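Let's take a walk through this one together. Have the viewer open and follow along.

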Amino acid sequence: MKKSEYITILEKAVLDGNEAEIRDILNKKDISSAGEKNVIAALSGGIEKARLNFRNGVISIPEFLLCIDAFKAGASLVKKSVRGNRGIPVFIGVVEGDVHDLGKNIVAAVLSSSGYTVTDMGKNVTREKVRSCITGKKKAVVALSSMMSTSLAPMKDIITWLGETQPGIRIIVGGASLDHNIAKTLGAHGYADSAVTAPDELKRILATLT
């Protein structure tokens, strides 16, 4: 099977919510030979399409949950194949005033599968919560999500505080209420529009840490 066919089949298996096929595919083929980045992109692409299908009423809640289970199974297998970690810890959460954490959970799984040490701060995350998580960390990434425009003010508060007091912290944001311009206005170092783009964007902003 060609690599491109393998990736296409993997993405479709997530979209179909076929956890058994995901496990069968990844257990039969050496993940490193397909490229961990390619496998993660396929899993992320599948769950992103499933999320859009769910939002647009194409699939039901039970069907979407099967897609999530398939994605998580694949992400777990990829994580086991990654040797070591990428050193800089990542703290991810949904900001205060927002409890929509599905996207955050998917991004956390993707970053973990990419070799990062990810701590999930949960939802309704305040500045105090971020402070308690990063205490003692000279270098780290704080990933913040917001699905509602009403939670942009708390996000701005966290970003401003981090910028003024934590020079070794890099901030990446995402969510339905943001785009590149808003992220830049808020003072974030990076913006990811989906779980698919999150690993590359994280890698980019980490390159600015010396």
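What follows goes from the domains to their interface, and then into the sheet.

Keep in mind that this is a predicted model.

How much area is buried between domain 1 and domain 2? The figure is about 1000 Å², and carbon and sulfur atoms give 73% of that. On the domain 1 side, look for Ile40, Phe71 and Lys79: these residues supply 35% of the area that domain 1 buries against domain 2, more than any other three residues. The rule also finds 1 salt bridge across this interface. As for charged pairs, the side chains of Lys37 and Asp200 form a salt bridge, with N to O at 3.3 Å.

Now move along to strand β1, residues 90-95. Why call β1 largely enclosed by the rest of the structure? Because 6 of its 6 residues are buried, meaning under 20% relative accessible area.

Strand β1 has two pairings to trace. With β2 (residues 118-125) it pairs in the parallel sense over 5 bridges, and Val90 has Val118 as its bridge partner there. To get from β1 to β2, the chain passes through helix α6 (residues 102-113), and this β-α-β crossover is right-handed. With β3 (residues 140-145), β1 again pairs in the parallel sense over 5 bridges; in β3, the bridge partner of Val90 is Val141.

Note on methods:
Residues numbered from 1 in each chain as written. Predicted model: local features only at pLDDT ≥ 70, side-chain atom pairs only at ≥ 80, totals over all residues. Heavy atoms only, no water. Buried < 20%, exposed > 50% of the residue type's maximum accessible area, 1.4 Å probe, protein only. Helix = DSSP H or I, 4+ residues; strand = E, 2+ residues; numbered from the N terminus. Pairing = 2+ DSSP bridges. Right-handed = clockwise from strand over helix to strand, strands pointing away. Buried area = accessible area lost by both parts, 1.4 Å probe. Salt bridge = Lys/Arg side-chain N within 4 Å of Asp/Glu carboxyl O.
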